[in-house]
Structures are given as C-alpha cells and as structure tokens.
Amino acid sequence: MPTDLARRARVSALTMCSRSGASHIGAALSVIDILSVLYGEVADVAPHRTEDPARDIVLVSKGHSASGVYAVMAHAGFFPVEWLDDYYLDGSRLGGHVTAHGIPGVELSTGALGHALPFGVGRAITDQLDGIDRRVFVVLSDGECAEGSNWEAALMAAHRDLRNMTVIIDRNRLQILGRTEDVLGLEPFVDKWRAFGWEVVEVDGHDHDALAEAMRTRSERPRAIVANTIKGKGVDFMEDTVEWHTLVPNEEQLAIALAQLEVTEV
Amino acid sequence: MRDAFVKTLTAEAAENPDIMLLVGDLGFGVVAAFGDTYPKQFLNCGVAEQSMVGMAAGMAAAGRRPFVYSISNFPSLRPLEQIRNDVCYHGLGVTLVAVGTGLAYGSLGYTHHGVEDMSILRSLPGMRVYCPADALECAAAVKEILADPSPAYLRLGKNKEPLMHDAQPDLASGAPLLIREGTDVTLLVAGPIITQALAVAEQLEPEGLSVRVLTCPVIKPLNAAAIRAAADGTVGIVTLEEHTIHGGFGSAVLEGFAVNGWRTPILPLGLADEATHIIGGQEWLRERAGLSTDHVRKSVATFARSAA
C-alpha cells in the first residue's frame, strides 16, 4: 500500500519536525513518494532481510531528508514507529541526518552531500566482480548535483557499465537559498546525465505508478531517473517555497498541514 | 618502500581475495605487477580521489579490504571528508596509502609535499596511522593493517631507503624499535628521516654524547608506555619527523606523556608552520627547513645538555 505509506510518512515527518524543532521538512515531503515506492514496492528489501547478502542496496544521499526517510522506513516496518517519537531529541536513535548506526535497513550514514553515489558505485563494482545481480539504488537531491564527487562516480558507473546502478534524483528545483537554476544552474540536467553515459528517464516524482515503472525498468547502462517533484509536496503553504527547507512548523501550522493530509489523496 | 608495499600486498592478495588495490592513476611502473597478477582485485579509479575513497568504502561494506593508493596528499587530504564520513564513521576497513610523503617530491613543489597528513589523519576516530622508516617496517605495517578490520593510514617514503633491520619487525605492540644503542639522550624517529638521525648519532659520538636511536612506525595507537620504557636511563626524548610539528608525531608523543603525567623532557623537531615556496630536492629542502644533519645535531646536543 505505497500510497498510504507515503501519506502516513508525511504525517509522521511533519509531526517529528514540529515536535523537535528540526528543519528540512520541505526536502522530506519532496522525497517521500520516491522513498515509499522504493522501500515499499520496488527495491528487494524487507525488514526481516536487512542482513541478507542478496538484498538490494538503497542509499539515500540527501541525508537531510532524515525525517522522511525514517518515517517511510518505520511505517514500512524496518523499525518500530515509536522510534519516531523522539526524533532529533536528546538521546534519540534518530538524528537530523540519516544515520546507519543501530537503525535496521539504513545502509549508509549521510548528511554531507555527494557521498552516497561513490559508495554505491563501490558496492555495484563489487557485485559486478562477484557476479551478483542485485540492484543498487541511490537517491540524490538535485541541489547536491553541484558536488563534484557525484560526477566522478557517474563517470565510473558508465565506464564500468554498471547496469545494476539506478540513481533517482529528487528534482524539486529548490535549494537552501533559492532555485537551483538561480543558485548554480543544472540545466540541461537530463542531457548532462546522458552525456555522462547514463540512460535517463524523466517522471512525475509524485506519481507512484510512474515511479515504480521507471524504477523497475532495467537498462543496459547505469540508469538515472529524474523525478520531477514539488518541494513541500502535500502541504499547500509549504509547496515550492524556499523557506520551508529551513522553517519548523509550529503547532497551528502542523494542525493545518495534518488536516490537508487527511483529506488530500496524496 | 613503495616497491615493498606493492610486493607485500601482492603476496597477501594471493591468499586473500578480499584485498583490492585502488589507484588514482598513479604508480607508473610500480602497481602494474599487482594489476597484471590480480586484475579482479585492481582498479584504476582515474584522477578522482573523492569517489575513489567513497567507492573503497562501498567495497569495504561488501566485505572487501581496499587499499587506496596515491601519492603525497592525494589519498588523504583531497578525499578527507570521504575518509571521515564514509570510512571512519562506519568503521570500515579501508586503508589509505600515501607514497612520497614528507619532502620526498621536493622539487615538485609544495602541492606535492605531504607534511600535514599525520596531524589530520591522526585526529580521525578509529584511524590507525603507520609511518615506516624502511621497506621492512613497511611490509610489517601492511601485515599489521590486515590483522585488524579497522581504517588505517599508511604513510610511505618513496624508494631505496636504507634498511634499518635484519628482519621484518613485529609491530603488534606498537613499541618503538631500537636502531642504535645509546645512553645519554633518546632520538625517536618517524619515517625515512631515520637516516638523518643515525648520521647525527654518529657525529655526536666523538663529542662524548651517546644517542639512542629508535624508529616508531606505529603513530596511532601510540604505545606511550613502551616509548617511555625505551627512553629509560636517558635525559629525555627528541622526536624527529619530516612533517609539521603541529599535531604530528612529536605532538602525539607529547600528548601520550602529558595525559599520563610523565614529566620526561621532550623536544619535537619537524617542519615549521609555513608553506614553502623554495624549490629543491629532499635533502636540499631538509637543509632549508632546519632538518639538516647539522641542525638536528645542534638541537639534540643542546637539548641533552639542558635536560641533563
């Protein structure tokens, strides 16, 4: 039930950020549909198989979307939903950036940007050498595509013909201080990945069926899915705004947001 | 020393298929043998050190033992955040191998001088740091690194360093290794600059100063108690490194003694806090940097007299 998974994750992420005073809710709402389809439907991962050597590897490079990542994973059964209750608070297991330590199913701690793709390429090369047919998924933000390490790894993935490698870019066109195209333009973005030797598809990053199909499709080359998203998706006053990267919803704003999620089919 | 590294790793790889050698398009004429022998355990990652270390972390997470090989600061400072976050944060068994550290690439200029690496790498959590003085210590360090699954940094000279030992030493305890017996003052050395230390000891002998010379290839975890024991009976310790004195080997020794409350006089010798703009070979630069035999001899003699 990925659609309901995404809705429940949105409710949790909003509540977590509001309660703890953590920012990045806009980034979490942006990527929750991608993560819900990935963890809930497409990737060969499961709560009882987090140590299975044959599992798919899912790496979330945009570690600042932690509230969304944790919410999706908890509701998908990887760890108790109660763990979300003290997110970001003193002594919590769950910090403001994705951490692997002690969190079942999280493969890599992230937070500094541009780290998961090289790591994923290393895993995929190891699989290639060992003849293992598992897939490696890396979720990137669009803003972090300014990090050179991503393009170093993109070169290697194409050079080694890593067809098990799939990158999903949360293309919400916003970063901390403005629109990606105003801060450090990425366009022509699809062409860039293509020029680096990747097979590229563009999808609506909130359309679960389209996401699932794009993720399931295998290609002969490393695959990049540019998922066009809306930052803050699901809460009207947060959608496509710069400020909700940083702002924290107060109680009143949280109530309005939750009300919208109850009535809106996400 | 670099040949000893490749030779040792090649021998280990024969029995350990998890060993991987990743190079940043460096090592012409040096690493080819490994790649030829074990093509599935060798990867030239191109001039892309950040992704090289990130990839190594990914391989280590899959159970491999990657060695990331490049020269000077390229496998350490360039991908520092990857080392910190991807390797150390996850406690993964990635080893960074830097060839030609110190002033070994002297005439290539300051960009190629590896003179702050130990300070920086030493500060990373769980990172082991090895600075061998010769090929035998290098081979021993590789074995020691492989004996434990944690991150490591192997800081090497270039090549043709004179041998300090008859056989491969055991580095398991981290204790310093006696190279020359002496009774008055202890000269404790990290790395190939040991040759300078031995020349100094030789020159001070006729002046009536007996210098005990040791190498200390295990910088972290530092065995301070063994260093203290090794200096027993002398007036104090002079540390010598081809590296900044800010945070390097000498600093490690000072910290080790200070936290234990040991009041042994210690004089750290190393490079001053400046980016050098002068061009020259290793010996010439040592001379200019206050690490010539002459400088070190005077410093050791003065220290020995004042500490006595």
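Which residue in β6(B) is the bridge partner of V97(B)? The bridge partner is L154(B), and the rest of this report shows where the strands around that bridge sit.

## About this model

This is a predicted model, in which local features need pLDDT of at least 70, side-chain atom pairs count only at pLDDT 80 or more, and totals for chains, interfaces and linings use all residues. Residues are numbered from 1 along each chain as its sequence is written, while chains are lettered from A and ligands numbered from 1 in the order in which they are written.

## Strand β4 of chain B

Let us start with β4(B), residues 95-99. Strands here are DSSP runs of E with at least two residues, helices are runs of H or I with at least four, and both are numbered from the N terminus.

β4(B) has parallel partners in β3(B), residues 65-71, over five bridges, and in β6(B), residues 152-155, over four bridges. Two strands count as paired if DSSP finds at least two bridges between them. Opposite T95(B) you will find F67(B).

## The sheet of chain A

Now to chain A, which has nine helices and seven strands. Five strands form an open, parallel sheet in the order β1-β2-β3-β7-β6. β1 (57-60) and β6 (199-204) of chain A stand at the edges with a single partner strand each, so one side of each is left without a neighbour in the sheet. Neighbouring strands of this sheet are turned by 20° against each other on average, direction ignored; axes are lines fitted to C-alpha atoms, for helices over the stretch in contact, and angles run from 0 to 180 degrees between N-to-C directions.

β1(A) pairs with β2(A), residues 136-141, over four bridges in the parallel sense. In this pair, V60(A) stands opposite V139(A).

## Chain A as a whole

Of the 266 residues of chain A, 55% count as buried. Its C-alpha trace spans about 50 × 45 × 35 Å along the principal axes.

Methods. Buried ≥ 20, exposed ≤ 12 C-beta atoms within 10 Å, placed from the backbone.
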